Amino acid sequence: MRYHITGSSQVGVMGLKRDTLEGALKKANELRQEGIYSEVLIIDTETGDVVKEPLPDGDQEDSRKPAL
C-alpha cells in the first residue's frame, strides 16, 4: 500500500508519499513536532480514507474525510 501525507502552512501545502504505514506515521509525527504544518493527515491511496492514527494512550482519532 501507499500513503500520502498532507499538511498545510501559511506558505502553502505539502504532500509526501510513503510505501509503509509505519513510515507514514513516523514522518507525520516528525512534521507535527516541527510545528510548521497544521492539519497533517495520512491518506490511504487505495481507499482515499484518512488513516486513524493511534493516540499516545492507545485510543484512535476520529476518521476524517479529506475535503475535495
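Guide: Happy to. The protein has 1 helix and 3 strands, where helices (H or I, at least four residues) and strands (E, at least two) are DSSP runs numbered from the N terminus. This is a predicted model, in which local features need pLDDT of at least 70 and side-chain atom pairs count only at pLDDT 80 or more, while totals for chains, interfaces and linings use all residues. Residues are numbered from 1 along each chain as its sequence is written, and side-chain values use heavy atoms, with hydrogens and water left out.

Visitor: In what pattern do the elements follow along the sequence?

Guide: Reading along the sequence, you get β-β-α-β.

Visitor: Which strands pair, and in which sense, parallel or antiparallel?

Guide: Two strands pair if DSSP finds at least two bridges between them. Here β1 and β3 are antiparallel partners, with 5 bridges. To find your place in that pairing, look for T6, which stands opposite L41 in β3.

Visitor: How do I read burial, and what share of the protein is buried?

Guide: Go by relative accessible area: buried means under 20%, exposed means over 50%, and partly exposed is in between (1.4 Å probe, protein chains only). Of the 68 residues in the protein, 22% are buried. Strand β3 is largely enclosed by the rest of the structure, because 5 of its 7 residues are buried.

Visitor: Now the helix. How does the span of α1 fit its 14 residues?

Guide: The expected span is 1.5 Å times one less than the number of residues. For the 14 residues of α1 that gives 20 Å, and the end C-alpha atoms are 20 Å apart, which agrees.

Visitor: Which residues of α1 are buried?

Guide: Those are A24, A28 and L31. They sit on the same side of α1, because they cover an arc of only 60 degrees around the axis, the arc being that of the directions from the helix axis to the C-beta atoms. The buried residues of α1 pack against β1, β2 and β3. On the other side of α1 you'll find E22, K26 and Q33 exposed. Just after α1, G35 has a positive phi of about 75 degrees.

Visitor: On to charges. How many salt bridges does a search of the whole structure find?

Guide: Side chains of opposite charge can pair when their charged atoms come close. A salt bridge is a side-chain nitrogen of Lys or Arg within 4 Å of a carboxyl oxygen of Asp or Glu. Searching the whole structure turns up 3 of them.

Visitor: Which residue does R2 pair with?

Guide: Its partner is D19, with the closest N and O atoms 2.7 Å apart. This pair links distant parts of the chain: R2 is in the segment before β1 (3–8), D19 is in the loop between β2 (13–18) and α1 (21–34), and they are 17 residues apart. R2 is partly exposed, at 38% relative accessibility.

Visitor: Where do E30 and K27 lie?

Guide: Both are in helix α1, 3 residues apart, about one turn of the helix. E30 is partly exposed at 31% relative accessibility, and K27 is partly exposed at 22%.

Visitor: And what does R32 meet in a salt bridge?

Guide: R32 meets E53, at 2.7 Å from N to O. Again the pair links distant parts of the chain, with R32 in helix α1 and E53 in the segment after β3 (38–44), 21 residues apart. R32 counts as partly exposed because its relative accessibility is 32%. E53 is buried, with a relative accessible area of 6%.

Visitor: One more: which residues does T20 touch, leaving aside those up to four places away in sequence?

Guide: T20 touches M1 and Y3 on that count, contact meaning heavy atoms within 4.5 Å. T20 and M1 are 19 residues apart in sequence, yet their C-alpha atoms are 6.6 Å apart in space. T20 is found in the loop between β2 and α1, and is partly exposed at 45% relative accessibility. A polar atom of the T20 side chain also lies 3.0 Å from the backbone nitrogen of G23.

Technical notes:
Polar contact = N/O pair within 3.5 Å; in protein donor to acceptor, adjacent residues only side chain to side chain.
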